Amino acid sequence: MEPLVILGRGGHGRELLELVLALNAEVPRYELLGFVDDAATGAPEEVHGYPVLGTRAWLAARSPAPLVALGVGVSAARARVVAALAPLGVRFPTLVHPRASVGRHVRMDEGVTVCDGAVVTTDVTLGAHAHVNVGASVSHDCVLGRFVSLAPGVRLAGNVRLGDGCDVGVAASAIPGVEVGEWSIVGGGAVLTASLPANVTAVGVPARVTRTRPPGWQLRTP
């Protein structure tokens, strides 16, 4: 079994714990060492019986580094973490829950996560570190860029294209052929009936742009 740690012990990280345990229940494949979290105090801590090992400095002291599953739900934050870990040569597993449905002709790059009850049909591309959350569905010929996040219950019809870092909120949906530019945010419950440019926030039914950000905004730590 390959050693693995989960980075982040919040809700997203704890959901990844359940995903990894579900995979191991079918075929043991990961030796789950515990959690890494930058808020770790150094005092003994546990999450559902698994130790909090320390901050990212703990990873830097390991050679070779274990696999890292990213328990970071926000697209921009996930991208910043991956960039920070790059000098360590960390590898990221692709994790697909046993109760997810993923077609035979789906391309998944490094670090993709597909959660319980999600459906990804056919001829779909999921870019590196894309996250398809609980019960989301992605239809034929969709292309999701790197670091895309689909919240629970998102519905993408066929031929939808989401640029790098798009963050789509709970139960939002998109009609066929819609394109969304990189690092845009779609609010929960929104319905995309037309394409969106990069670096915007859109909400409502139909979705309307309510905010525009400067290029590169995702690189800045809040």
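In the predicted model, valine 143 has arginine 161 of β17 as its bridge partner. Strand β14, covering residues 143–144, and strand β17, covering residues 161–162, run parallel and are joined by 2 bridges. Both strands belong to an open sheet of 5 strands, in which the pairing is parallel and the order is β8-β11-β14-β17-β20. At the edges of this sheet lie β8 (106–108) and β20 (179–180), each of which pairs on one side only.

One cavity of 30 Å³ or more was counted, and the largest cavity holds about 100 Å³ of space. Its lining comprises 16 residues, with Leu16, Ala69, Leu70, Gly111 and Thr113 nearest the centre. Strand β5 provides the largest share of this lining, 3 residues; α1 (11–26) and β5 (67–70) each contribute at least two residues. Classified by residue type, the lining of the largest cavity contains 10 nonpolar, 5 polar and 1 charged residues. Because domain 1 (2–88) and domain 2 (95–208) both give residues to this lining, the largest cavity lies between them.

The largest pocket has a volume of about 180 Å³. Residues lining the largest pocket include Leu7, Gly8, Asp37, Asp38 and Arg56, together with Gly71, Val72, Ala77, Arg80 and Val81. Helix α3, spanning residues 75–85, gives the most to this lining, with 3 residues. By class, 4 nonpolar, 2 polar and 4 charged residues make up the lining of the largest pocket.

Definitions and conventions:
Residues are numbered from 1 along each chain as its sequence is written. This is a predicted model: local features need pLDDT of at least 70, side-chain atom pairs count only at pLDDT 80 or more; totals for chains, interfaces and linings use all residues. Side-chain values use heavy atoms; hydrogens and water are left out. Two strands pair if DSSP finds at least two bridges between them. Helices (H or I, at least four residues) and strands (E, at least two) are DSSP runs, numbered from the N terminus. On a 1 Å grid over the protein atoms alone, a cavity is a set of points where a 1.4 Å probe fits but cannot get out, and a pocket is an open set with protein on both sides within 12 Å along at least five of seven lines; lining residues have an atom within 4 Å of a point. Grid points are joined across faces, edges and corners, and a volume is the space filled by probe spheres set on the points. Ala, Val, Leu, Ile, Met, Phe, Trp, Tyr, Cys and Pro count as nonpolar, Asp, Glu, Lys and Arg as charged, and the others, Gly among them, as polar. Domain bounds come from an automatic or database domain assignment.
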